[in-house]
Amino acid sequence: MYFAGVAEVHMDRFKYSRQALLALRVLADDQLSGSIRVSCEMKGLVVRKWNGDCWVFGYSTNPAWIACHILTQPVITGTGTPEDPFEAARFDGLDPDRIDHVKFAQWADYCDELVPDGKGGQEKRITFNGGCDYDGNMWEAAMRVFQVGRAMPVWFGRMLTVAVDRPSEPVNLYSVGNIEESRFKETFLPLEDRATEIEVDYVNRDTWERDKLTQAKPGARACTGSCATNILSAPSRSMSTSRPSTPP
């Protein structure tokens, strides 16, 4: 008898740095058929955020600091205890000095403002309770968080700032007095091409199941068109209702 090779079992403890893993131990019996569907509730990611005085690390549902964390990708060390606090060993993404932290802080404050929750209480205006369980790059993951936070990243030179869709004071007035006649163009959209209702597909935070919410435009006489949007998060129903509406 001749052996061409020997395969040995190695019981090494491998490390999966910066990855969240889930292990299952299931008894194989005749009740198992096909794949196993698993759902779990996660606490989230420790992110780097500004508390008004200094940078700290902790759990957060604020889209501004989650997006900032995804863009800069800090490598966090420590266990979060007073003896071994969280620290940023390095940044594998954008240099934090290239982030407009003033604008991001203003965006964070806007998301944290308390608004009616539709049940007689109050809740934060916008929160992000999603997970990146799909293949994609850093920019795609950040853009999904920007979408939930009603914002858009904007490059200003070498700095990355943010434009937030929220009410603001007018900064300029355009009229026939300051527009050249030859450059003015007006385009009308037919009524049949205008969307009068929107369908929001989201994860309902109360049931943790996919849910759909349809909201019609106030005052619309009939449905002439509809559009759909998908939210990568688990907001409350009141937050999903305010999503297709103009922010209060």
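**Close-up views of a predicted model**

View 1. With a relative accessibility of 25%, Q73 counts as partly exposed, where buried means under 20% relative accessible area, exposed over 50%, and partly exposed in between (1.4 Å probe, protein chains only). The model is a predicted one, in which local features need pLDDT of at least 70 and side-chain atom pairs count only at pLDDT 80 or more, whereas totals for chains, interfaces and linings use all residues. Residues are numbered from 1 along each chain as its sequence is written, and side-chain values use heavy atoms, with hydrogens and water left out. Q73 follows α1 and sits in the loop between α1 and β3 (74-77); helices (H or I, at least four residues) and strands (E, at least two) are DSSP runs numbered from the N terminus. Although Q73 is not a glycine, its phi is positive, at about 50 degrees. Most residues other than glycine have a negative phi.

**View 2. R150, another residue with a positive phi.** R150 is found in the loop between α3 and β7 (151-156), and its phi, near 55 degrees, is positive in a residue other than glycine. At 11% relative accessibility, R150 counts as buried, while Q73, at 25%, counts as partly exposed.

View 3. S60 itself belongs to the loop between β2 (55-59) and α1.

**View 4. The surroundings of S60 and W65.** Not counting residues up to four places away in sequence, S60 touches L45, V47, K49, W65 and I66, contact meaning heavy atoms within 4.5 Å. With its neighbours within four places likewise set aside, W65 is in contact with V47, R48, K49, W50, W55, S60, F104, A105 and A108.

**View 5. The largest nonpolar core.** This core has 30 residues, and those with the most contacts inside it are W65, L71, F104, W107 and F146; a nonpolar core is a set of buried Ala, Val, Leu, Ile, Met, Phe, Trp, Tyr and Cys residues joined through side-chain atoms within 4.5 Å. Two or more residues come from each of α1 (63-72), α2 (101-112), α3 (138-148), β8 (159-164) and β9 (197-204). The largest share, seven residues, is given by α1.

View 6. L22, L24, V26, L32, I36 and V38 together make a nonpolar surface patch of about 530 Å². Patches are made of residues with over 30% relative accessible area and no salt bridge, like charges being joined within 9 Å and nonpolar side chains (Val, Leu, Ile, Met, Phe, Trp, Tyr) within 5 Å, and accessible areas come from the Shrake-Rupley method with a 1.4 Å probe, for which only the protein chains shown count as cover of residues. I36, one of the patch residues, lies in the segment before β1 (46-50) and, at 48% relative accessibility, counts as partly exposed.

**View 7. Salt bridges.** The count comes to five salt bridges, each being a side-chain nitrogen of Lys or Arg within 4 Å of a carboxyl oxygen of Asp or Glu. One of them joins D112 and K124, whose closest N and O atoms are 3.8 Å apart. This pair links distant parts of the chain, since D112 is in helix α2 and K124 is in strand β6 (residues 122-124), twelve residues apart. D112 is partly exposed, with a relative accessible area of 32%, and K124 is partly exposed as well, at 39%. In the pair of K212 and E199, the closest N and O atoms are 4.0 Å apart. K212 lies in strand β10 (residues 209-216) and E199 in strand β9, so this pair ties together parts that are 13 residues apart in sequence. K212 counts as exposed at 53% relative accessibility, whereas E199, with 31%, is partly exposed. E180 and R183 also form a salt bridge, with 3.5 Å between their closest N and O atoms; E180 counts as partly exposed at 48% and R183 as exposed at 68%.
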